Amino acid sequence: MSDLLERLRGRGWRLTSQRRVVAEVLDGDHVHLTADEVHARAAERLPEISRATVYNTLGELVTLGEVVEVATDGRAKRYDPNAHHPHQHLVCTGCGAIRDVHPLGNPLADLPAEQRFGFTVSQAEVTYRGLCPACAG
């Protein structure tokens with residue numbers, strides 16, 4: 001069973017066939033699919049699944065904190081199931097591909113105290129941008 005499915009089962013989330021197929025489609029370390037991509041892949045496995053069911057399920061997974069919504073540069077939101085492992089994102093400015101990266105260091109610690117303006121900083125999001133090999137080629 002996938003990591004995401006195990007976490008959902010552990011939370012007692014009711015796994016209907018539709019919810020299960022959405023979770024299965026999302027499973028993987030570097031999966032950052034749009035809702036339409038999730039629907040297309042889910043429909044390959046379960047042809048009767050509706051777009052509304054996919055959107056509702058994604059919304060529930062985000063609310064549960066099991067999937068992270070990633071928005072970049074005005075493109076369609078993508079859904080990242082790697083919600084429980086700290087990481088940053090590497091985004092292709094050409095095609096919009098997203099990869100998880102694990103840079104060295106701690107972005108919270110790297111912000112000097114004088115630049116925190118009295119904030120108690122609890123999280124940092126760093127996005128690296130560039131061209132993937134296919135777009136740069």
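I began with helix 2 (residues 17–26) and listed its buried residues as Arg 19, Val 21, Val 22, Ala 23, Val 25 and Leu 26, where buried means under 20% relative accessible area, exposed over 50% and partly exposed in between, with a 1.4 Å probe and protein chains only. Helices (H or I, at least four residues) and strands (E, at least two) are taken as DSSP runs and numbered from the N terminus. The cover over these buried residues includes helix 1 (3–10), strand 1 (33–34), helix 3, helix 4 and strand 3 (78–80). After helix 2 comes Gly 28, with a positive phi near 145 degrees.

I noted that this is a predicted model, in which local features need pLDDT of at least 70 and side-chain atom pairs count only at pLDDT 80 or more, while totals for chains, interfaces and linings use all residues. Residues are numbered from 1 along each chain as its sequence is written, and side-chain values use heavy atoms, with hydrogens and water left out.

Why does Arg 19 count as buried? Its relative accessibility is 16%, and therefore Arg 19 falls in that class. Leaving aside neighbours within four places in sequence, I found Arg 19 in contact with Trp 13, Arg 14, Thr 57 and Glu 60, contact meaning heavy atoms within 4.5 Å.

Next I looked up the packing of helix 3 (residues 35–45) on helix 4 (residues 51–64), and found an angle of about 120 degrees with the axes 9 Å apart. The axes are lines fitted to C-alpha atoms, for helices over the stretch in contact, and angles run from 0 to 180 degrees between N-to-C directions. Helix 3 and helix 4 are therefore oblique to each other, since angles under 35 degrees count as roughly parallel, over 145 as roughly antiparallel, 65 to 115 as roughly perpendicular and the rest as oblique. Helix 3 contributes Ala 35, Asp 36, Val 38 and His 39 to the contact, and helix 4 contributes Arg 51, Val 54, Tyr 55 and Leu 58. I sorted the residues of this contact into five nonpolar, one polar and two charged, with Ala, Val, Leu, Ile, Met, Phe, Trp, Tyr, Cys and Pro counted as nonpolar, Asp, Glu, Lys and Arg as charged, and the others, Gly among them, as polar.

Turning to the strands, I found an open sheet of three strands in the order 1-3-2 with antiparallel pairing, two strands being paired if DSSP finds at least two bridges between them. Strand 1 and strand 2 (68–70) are its edge strands, each pairing on one side only. Strand 1 pairs with strand 3 in the antiparallel sense over two bridges, and Leu 33 has Tyr 79 of strand 3 as its bridge partner.

Another open sheet has three strands in the order 5-4-6, with mixed pairing. Strand 5 (98–101) and strand 6 (127–130) stand at its edges with a single partner strand each, so one side of each has no neighbour in the sheet. From one strand to the next the twist averages 25 degrees. Strand 4 (residues 88–92) pairs with strand 6 in the parallel sense over four bridges, and Val 91 has Arg 129 of strand 6 as its bridge partner.

Last, I looked at the whole chain, which has five helices and six strands. Of its 137 residues, 33% count as buried.
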